[in-house]
Amino acid sequence: MQYWARRLEQEIDGVMRIFGGVQQLKGIYNDKKNQFEVKENVPKKIVEKVAGDIESLLAKKVRALKRVADAAEKFQKAHHWQDNIGENDIEYYDSKAETKYDGPEGEEIEGEASNSLKLDFIEDTHFKTKVNYSYAAVQIPTDIYKGSTVILNELNWTEALEDVFVENRKEDPSLLWQVFGSATGVTRFYPATPWRVPDKIDLYDVRRRPWYIQGASSPKDMVIIVDVSGSVSGLTLKLMKTSVYDMLDTLSDDDYVNVASFNQNAQPVSCFKHLVQANIRNKKVFKEDVEIMVAQGTTDYKAGFEYAFEQLQNSNITRANCNKMIMMFTDGGEDRVQDVFEKYNWPNKTVRVFTFSVGQHNYDVTPLQWMACANKGYYFEIPSIGAIRINTQEYLDVLGRPMVLAGNRAKQVQWTNVYQDALGLGLVVTGTLPVFNLTEGGGDRKNQLILGVVGIDVALDDIKKLTPQYNLGANGYVFAIDLNGYVLLHPNLRPKIINFQEPVTLDFLDAELEDENKEEIRRSMIDGHEGQRYIKTLVKSQDERYIDEVYRTYTWAPIKSTNYSLGLVLPPYRTYYIQANLSDQILQVKLPISKVKDFEYLLPNSFESEGHVFIAPREYCKALNLSDNNTEFLENFIALMEKVTPDSEQCNNFLLHNLILDTGITQQLVERVWKNQDLNTYSLLAVFVATDGGITRIFPNKAAEDWEEDREPFNASFYRRSLDNKGYIFKPPYRDPSYKESELENNTVGILVSTAVELSFGRRSLKPAVVGVKLDLEAWAEKFKVLASNRTERDQLGTRRCDPSTSCEMDCEANYKDLLCVLIDDGGFLVLSNQEDDASQVGKFFSEVDAHLMSALYNNSFFTRKESYDFQSVCAPEAPSNTGGGPRGVYVPTMADFLNLAWWTSAAAWSLFQQFLCGLTYNSWFQTEDVAADSMETKETSCIMKQTQYYFSTVNYTYNTIIDCGNCSRLFHAQRLANTNLLFVVAEKPICSQCESTKLLQAEVKAPSREPNQCELVEKPRYRKGPHICFDYNVTEDTSDCGRGASFRPSWRILISLQLLLLYLTACHNPLPLASCL
């Protein structure tokens, strides 16, 4: 077998030396060294510069934030309240006034009639939508009556903010959405743009957006206790479940929470035994477990409150250590549990108690009111589902009191997690700043109301523009994390679904493959330290099929005046890079680039003789139109090059000059090597070269028709892996387990073999290119059998046959019926086989071909397995459950709701009744379509995928062993092929199928429910830091306003008349949230 292995190694090496042209390409670079310079990447300097640039960018947004916040406080303080103000007294642009949507028959239906200003809009590339820079727009939630005195006064004084918005933009034209979200629910945003129209009910309310909640209160430690005694049944239990869902949605990753149910005893609803971070995955566990709560037993408030206080007193866990609160949901009771409060909370009252009376009942609510008032909290009533939404968010007004009383100390700019912009700007972060009411309260008391929150967006693309890209190479990159360890920037931050309800919270240790070194780096970055470390680590390939063990230098430093830290990752071969320097005589000519030497080899008319050229779709010039089609992009590029000179200011000279340099270098490779060889002699379909400059040249031209690799070398798996590995890297075509040969469009299948070109200039070494060949699978399968045989040049095909009755040795050609001979790559994928039936198996994970043999290779340490999770995947929606409290975030009033007068006075009744009456007209309200919260309908849902990759262990020798399975035992031999990523395996073919073995799986699968196990993960939480300042107490706080029961119960005749009148004045509308920070 060692003889066969040497023959294989020699054949591969010979082909690559002849056709790869590594040595010749080194000579070409040497010949052209007067056309480029070798530059050095100094990690600490790069990090320092980029961090400074990001700091400056965000500082400009902070200045704009403060101007808006200061102006809002000044305008509100100067405003004189008007009791008799009318809608006609206010002029503003209502963003929902001109919305249109499709009716049930596809007809276009006008939106709400309004006195709104009529504006003209122009398409704006900055916002990627139509805007009007002269005005701001207003959005008012559907369930708020825009003609109320409170709203009209709010509109009156916030109108002055328009001038501030305009001035901010004049100072910083790069500003995105500027928003003021009011505590009354009014949103004023700039520039004006029409509210986007959904095809579902609009329940958007700015006060429920994460950016608003983060800006309006300090972090929270919250324990939710739910009464599940026998009296809580049917609708009341559903109301409680939905209330808990909505309460959890008011929490962010800076908060900590636990949920417990109680009757005569208290117990956590989930596996969490203590407070846990209120992140997306933990909240999902809570919601799933709340869903299955059942009501039984008797009520004992003491059990519930004692459990909650003990949870909050547990100091041996990570928590927010700021606002502490208990939220109790019950249908009523008589016990005040004063002894519990005396024991745990008095006299300091460090824990606020909020009580919620849920459902329709005749209990005395005085004890619930007393509990809240005696513990600096608030009492709420939730008589129906329509009251849930508003009453589960109003506790934030109470938490905002200490912030307002703290004054300027509490005016801290905070930056949100990354999330998807609703208008298509991509990933953004939002800077927020609270706005306080500065008017005097009654007597000598200071006003303690929060007016709202100001927000300004920053697109991640704008931050990325400040980072170096191409000089870092294919495997170098910049990343940034926040105090939670979540990435702000990272090449693996690629959420596959737009979910406006949730931020994009990808931890640095989930963005990369976790190890101890990275844990320490992450901790140091969160702590705001500078550092540098050279480590050995694992990385996934671009196609996520392979794992490589590599060396990287991590360098990091804090971004001053923010909670972010910036990191830089560089491989050792990227310390130096090439920067093209077109000769002085070319630059002096000042001719268009199309006249520059070597440019002619980019023209399509040269492809037949010089090979096909793919250009990486980079932004070489500002005026260049990008295209996914290479031919179209090339035409755009050539047309532009007819107009610009090599030193044009509108072009990126680094990219442009390197592209032209690599065009000439790769053309020389064609001239010196490829044109002089016959590819058919060695059964090659193509030869190719890809470069850092963005050129991929395929020879001959016709081979480009079957080229499936990415046009951007930095995104091509073969390119990145070749840089990270020595020798020749084989890459078979990918075939999933279900692939069958009948699916082939043609019989010409190729296997890529590539290797990096390493240059040395004194002590400076770098890898600027990758060269390779594409093997003809069918021909090389035959060649493989010959090379793995004992045949000599004198032997004729078909004349040899070895079996136990002969004296000759068995081999892979003559004994293909008895021996299985295969080449498997380092990911466990089949590359070549001596079995004709395996032609369609090439590219599959070898366990799909021979599960017993792959298990034996794994068990004998030829392969190591790495399992990880992709938290950014999407899955098809699952069938909704019919149990529990109904769809999340959707108001589904029951008959009891409709018959209950209290429900008609609730916040959502306004919205639903309009939709209901309008639906009778348009026959669309009762369609059985799912409605997502805040009208964010998604056809796919986010989910967690489990990934498994295999890679070579340190075993680097020949190994012989027996797969022990009784009468089905098999002998096999395995040996690594030198200077390749291949494992050569020869095994006896199985003589029976009774040998049981666990089939190794490699394909990505949806992670089972509760995997990864959140119950285990929370016991070892990852290191994080919360905001450095907390506002949860102020001695001057007035706690006298602590809640009351429903006091407004008008006649049902009045309500019905009002709704009919409003229906006459308005038409149905279905607005959608507009801006990223909205």
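Contact here means heavy atoms within 4.5 Å. The model is predicted, and the contacts given below are computed from it.

Asp-172 lies in the loop that runs between α5 (161-171) and β8 (178-182). Buried means under 20% relative accessible area. Asp-172 has 5% relative accessibility and therefore counts as buried. Apart from neighbours within four places in sequence, Asp-172 is in contact with Lys-60 and Lys-61.

Which strand holds Val-131? Val-131 is part of strand β6 (residues 129-131). With 0% relative accessibility, Val-131 counts as buried. Once neighbours within four places in sequence are set aside, the contacts of Val-131 are Asp-120, Phe-121, Ile-122, Asp-124, Trp-177, Pro-191, Ala-192 and Thr-193.

Ala-987 belongs to strand β39 (residues 982-988). Its relative accessibility is 1%, so Ala-987 counts as buried. Leaving out neighbours within four places in sequence, Ala-987 is in contact with Asp-818, Leu-819, Leu-820, Leu-853, Arg-970, Leu-971 and Phe-972.

| Pair | Separation in sequence | C-alpha to C-alpha distance |
|---|---|---|
| Val-131 and Pro-194 | 63 residues | 7.9 Å |
| Ala-987 and Asn-960 | 27 residues | 9.6 Å |

**The pair α7 and α8**

Two packed helices are described by the angle between their axes and the distance between the axes. The axes of helix α7 (residues 235-248) and helix α8 (residues 280-291) cross at roughly 175° and come within 10 Å. This crossing makes α7 roughly antiparallel to α8, because angles over 145 degrees count as roughly antiparallel. From α7, the residues Lys-241, Val-244, Tyr-245 and Leu-248 meet Lys-283, Phe-286, Lys-287, Val-290 and Glu-291 of α8. Sorted by class, the contact of α7 with α8 has five nonpolar and four charged residues, with no polar residues.

**Nonpolar cores**

The largest nonpolar core has 80 residues, of which Leu-25, Leu-857 and Phe-984 touch the most other members. Helix α1 (residues 2-20) gives the most to this core, contributing seven residues. A second, separate core has 50 residues, including Tyr-133, Leu-175, Val-179 and Ala-216.

**The chain as a whole**

The chain has 1078 residues, of which 58% count as buried. Its secondary structure comprises 29 helices and 40 strands. Of the contacts between residues at least 6 apart in sequence, 74% join residues at least 24 apart.

**Confidence**

The average pLDDT of the chain is 86, and 83% of the residues score at least 70. The pLDDT is below 50 over residues 881-938, a stretch that has 137 contacts in the model beyond near neighbours in sequence. Residues 1046-1076 also have pLDDT under 50, and the model has 87 contacts for them beyond four places in sequence.

Conventions:
Residues are numbered from 1 along each chain as its sequence is written. This is a predicted model: local features need pLDDT of at least 70, side-chain atom pairs count only at pLDDT 80 or more; totals for chains, interfaces and linings use all residues. Side-chain values use heavy atoms; hydrogens and water are left out. Axes are lines fitted to C-alpha atoms, for helices over the stretch in contact, and angles run from 0 to 180 degrees between N-to-C directions. Helices (H or I, at least four residues) and strands (E, at least two) are DSSP runs, numbered from the N terminus. Angles under 35 degrees count as roughly parallel, over 145 as roughly antiparallel, 65 to 115 as roughly perpendicular and the rest as oblique. Ala, Val, Leu, Ile, Met, Phe, Trp, Tyr, Cys and Pro count as nonpolar, Asp, Glu, Lys and Arg as charged, and the others, Gly among them, as polar. pLDDT is the predictor's confidence in each residue, from 0 to 100. A nonpolar core is a set of buried Ala, Val, Leu, Ile, Met, Phe, Trp, Tyr and Cys residues joined through side-chain atoms within 4.5 Å. Buried means under 20% relative accessible area, exposed over 50%, partly exposed in between (1.4 Å probe, protein chains only).
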